[in-house]
Amino acid sequence: MTDRLPHPLRSDALDNRERILDAARALFATEGLNVPMREIARHAGVGPATLYRRFPTKQMLATEAFADEMRACHVLVEEGLAEPDPWRGFCLVIEKTCELHARSRGFTEAFMSTFPEAMDFAAERAYALRSIAELANRAKDAGHLRPDFVLDDLILMLMANRGIHTISKTARVAASRRFAALVIQAFRASPQHSPLPPVARLSPAAPGKVM
């Protein structure tokens, strides 16, 4: 008996899958992973049964929806490791990681969650954390990164970065860049007060207050 080859998805099934992923990316980015699956189905214009047939669990949906972000995370860590100056490589990773996570609240939640069904996702996350730890050790050995830095400080940074709330994604990314610059100054072994990126308006100025 010959093995049956998997049937390719019909065009309408492919369209449904892409609509579901597009809706999930948009809602995860703005509302995080707490958005209900039925809400994702409604935004995608499909029924809940169609959604669950394609993605039986939210973990599976999030893993697929954030595949591009995980690939981008892998690339930026590789860039940091390839930088001849370990401190510059470490700073590059901090800056790009904050920006990547600022673009999607849901990605930060997914990155810090344990997805037992998503082995590839977990492996990529483990690789990223291992690589950043290696880069941090290099920066410490070069005397640029404060010796008491630990990997948990990076997780704390991601949690704080996720808490940035603005009226637009553009403002959130701008605020995240400034936050990353502050974090880098805090992590430096001998703090140097470099100019910070421009201020992002997070809330209306109070009457009479100079901004």
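How many residues does helix 5 have, and how far does helix 5 reach from its first C-alpha to its last? In this predicted model, helix 5 spans residues 67-82 and has 16 residues. The reach is 23 Å, close to the 22 Å expected at 1.5 Å a residue. Its buried residues are Glu69, Met70, Cys73, Leu76, Val77, Gly80 and Leu81. These residues cover an arc of only 140° around the axis, so they lie on the same side of helix 5.

The overall architecture is helical. The protein chain has 10 helices and 0 strands. From the N terminus on, the order of elements is α-α-α-α-α-α-α-α-α-α. Of the 211 residues in the protein chain, 40% are buried.

In soluble globular proteins, nonpolar side chains tend to be buried together. The largest nonpolar core in the model holds 50 residues. Within this core, Phe28, Ile40, Leu61, Phe90 and Ile94 touch the most other members. At least three core residues come from each of domain 1 (11-58) and domain 2 (67-187).

Leaving aside residues up to four places away in sequence, Phe28 touches Leu33, Val35, Ile40, Lys58, Leu61, Ala62, Ala65, Phe66, Ser104, Arg105 and Gly106. Phe28 also belongs to an aromatic cluster, in which ring pairs link it with Phe66, Phe107 and Phe111.

The count of aromatic pairs comes to 7. One of the pairs joins Phe149 and Phe187, with ring centres 5.0 Å apart. Their planes meet at 70°, and edge-to-face pairs have planes over 60 degrees apart, so this pair is edge-to-face. The two residues are 38 residues apart, and the pair links distant parts of the chain. Phe149 sits in the loop between helix 8 (119-141) and helix 9 (151-162), whereas Phe187 is in helix 10 (residues 169-187). Phe149 has a relative accessible area of 3% and is buried. Phe187, at 9% relative accessibility, also counts as buried, because the limit for burial is under 20%.

Helix 10 also contains Leu182. Leu182 is partly exposed, with a relative accessible area of 42%. That value falls between the 20% and 50% limits, so Leu182 is classed as neither buried nor exposed. The C-alpha atoms of Leu182 and Ser194 are separated by 9.4 Å. Along the chain, Leu182 and Ser194 are 12 residues apart.

Methods: Residues are numbered from 1 along each chain as its sequence is written. This is a predicted model: local features need pLDDT of at least 70, side-chain atom pairs count only at pLDDT 80 or more; totals for chains, interfaces and linings use all residues. Side-chain values use heavy atoms; hydrogens and water are left out. Rings of Phe, Tyr and Trp (its six-membered ring) pair if their centres lie within 6.5 Å; planes under 30 degrees apart count as stacked, over 60 as edge-to-face and the rest as tilted. Helices (H or I, at least four residues) and strands (E, at least two) are DSSP runs, numbered from the N terminus. Buried means under 20% relative accessible area, exposed over 50%, partly exposed in between (1.4 Å probe, protein chains only). A nonpolar core is a set of buried Ala, Val, Leu, Ile, Met, Phe, Trp, Tyr and Cys residues joined through side-chain atoms within 4.5 Å. Domain bounds come from an automatic or database domain assignment. Contact means heavy atoms within 4.5 Å. The expected span of a helix is 1.5 Å times one less than its number of residues. The arc is that of the directions from the helix axis to the C-beta atoms.
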